[in-house]
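Here's a quick walk through a protein model, written for someone who likes to know the cut-offs. Have a look at the fold and then read on.

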Amino acid sequence: MSGVWVFKNGVVRLVENPGADSLQGASRGKVLVHLPTNQVVTSYITLEQMLTSIGWERYYNDPSLLQFHQRSTVHLISLPRDFNKLKSMHMYDIVVKTRNVFEVRDS
């Protein structure tokens with residue numbers, strides 16, 4: 001992973017393409033792929049169906065985010081409400097929390 005570490009409001013985060021915020025989120029070169037079907041995730045509706053099929057549930061605690069959790073773990077997947085703002089860091093979060101189900105690939 002390469003990029004620039006940014007410290008803002010007491011939070012440090014990695015910005016992968018500094019200055020590229022004007023580009024569309026998920027279409028910047030990475031795609032999330034559902035491995036069992038080899039299907040590229042193109043919407044939150046599709047992603048929600050895939051996650052619920054493996055035991056994840058919608059979590060409605062924060063209306064500004066789309067969140068999923070599993071009862072058997074402490075994992076929580078938090079995503080921006082707008083699919084176009086989905087970044088590779090969100091995709092990798094999904095991959096880490098759903099081992100062998102999703103993969104991030106270059107588009």
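## Ground rules

Helices (H or I, at least four residues) and strands (E, at least two) are DSSP runs, numbered from the N terminus. This is a predicted model, where local features need pLDDT of at least 70 and side-chain atom pairs count only at pLDDT 80 or more, while totals for chains, interfaces and linings use all residues. Residues are numbered from 1 along each chain as its sequence is written, and side-chain values use heavy atoms, with hydrogens and water left out.

## The overall layout

The protein has 2 helices and 8 strands, and along the sequence they come in the order β-β-β-β-α-β-β-β-α-β. Buried here means under 20% relative accessible area, exposed means over 50%, and partly exposed is in between (1.4 Å probe, protein chains only). On that scale, 35% of the 107 residues count as buried.

The protein exposes about 7000 Å², with carbon and sulfur atoms supplying 52% of that. A contact means heavy atoms within 4.5 Å. Take the contacts between residues at least 6 apart in sequence: 42% of them join residues at least 24 apart.

Helix α1 spans residues 44–52, and its buried residues are Tyr44, Thr46, Leu47, Met50 and Leu51. They cover an arc of only 155° around the axis (taken from the directions from the helix axis to the C-beta atoms), which puts them on the same side of α1. The face turned away from that buried side carries the exposed residues Ile45 and Gln49.

What do the buried residues of α1 pack against? The list is β3 (30–34), β4 (39–40), β6 (65–69), β7 (76–80), α2 (88–97) and β8 (102–106).

## An aromatic pair

Rings of Phe, Tyr and Trp (its six-membered ring) pair if their centres lie within 6.5 Å; planes under 30 degrees apart are stacked, over 60 edge-to-face, and the rest tilted. By this rule there is 1 aromatic pair. Tyr44 and Phe83 make it, edge-to-face, at 5.1 Å centre to centre with 90° between the planes. Tyr44 sits in helix α1 and Phe83 in the loop between β7 and α2, so the pair ties together parts that are 39 residues apart in sequence.

## Salt bridges

Side chains of opposite charge can pair when their charged atoms come close. The rule used here asks for a side-chain nitrogen of Lys or Arg within 4 Å of a carboxyl oxygen of Asp or Glu, and the structure holds 5 such salt bridges. One of them joins Asp106 and Lys30, with the closest N and O atoms 2.7 Å apart. That pair links distant parts of the chain, Asp106 being in strand β8 and Lys30 in strand β3, 76 residues apart. Asp106 is exposed at 58% relative accessible area, whereas Lys30 is partly exposed at 27%.

Glu48 and Arg58 also meet in a salt bridge (3.5 Å, N to O). Glu48 lies in helix α1 and Arg58 in strand β5 (residues 57–59), so the pair ties together parts that are 10 residues apart in sequence. At 25% relative accessibility, Glu48 counts as partly exposed. Then there's Lys97 with Asp93, whose closest N and O atoms are 2.8 Å apart. Being 4 residues apart in helix α2, Lys97 and Asp93 are separated by about one helical turn. Lys97 is buried at 19%, and Asp93 is partly exposed at 23%.

## Ile77, a buried strand residue

Ile77 is found in strand β7 and counts as buried, at 0% relative accessibility. Leaving aside neighbours within four places in sequence, Ile77 is in contact with Leu51, Trp56, Leu66, Gln67, Phe68, Asp93, Ile94 and Lys97. Ile77 and Leu66 are 11 residues apart in sequence and 8.1 Å apart in space, C-alpha to C-alpha.

## A nonpolar patch

Patches are made of residues with over 30% relative accessible area and no salt bridge, joining like charges within 9 Å and nonpolar side chains (Val, Leu, Ile, Met, Phe, Trp, Tyr) within 5 Å. Trp5, Phe7 and Val12 make a nonpolar surface patch of about 410 Å². Phe7 is found in strand β1 (residues 4–8) and is exposed, with a relative accessible area of 61%.

Conventions:
Accessible areas come from the Shrake-Rupley method with a 1.4 Å probe; for residues, only the protein chains shown count as cover.
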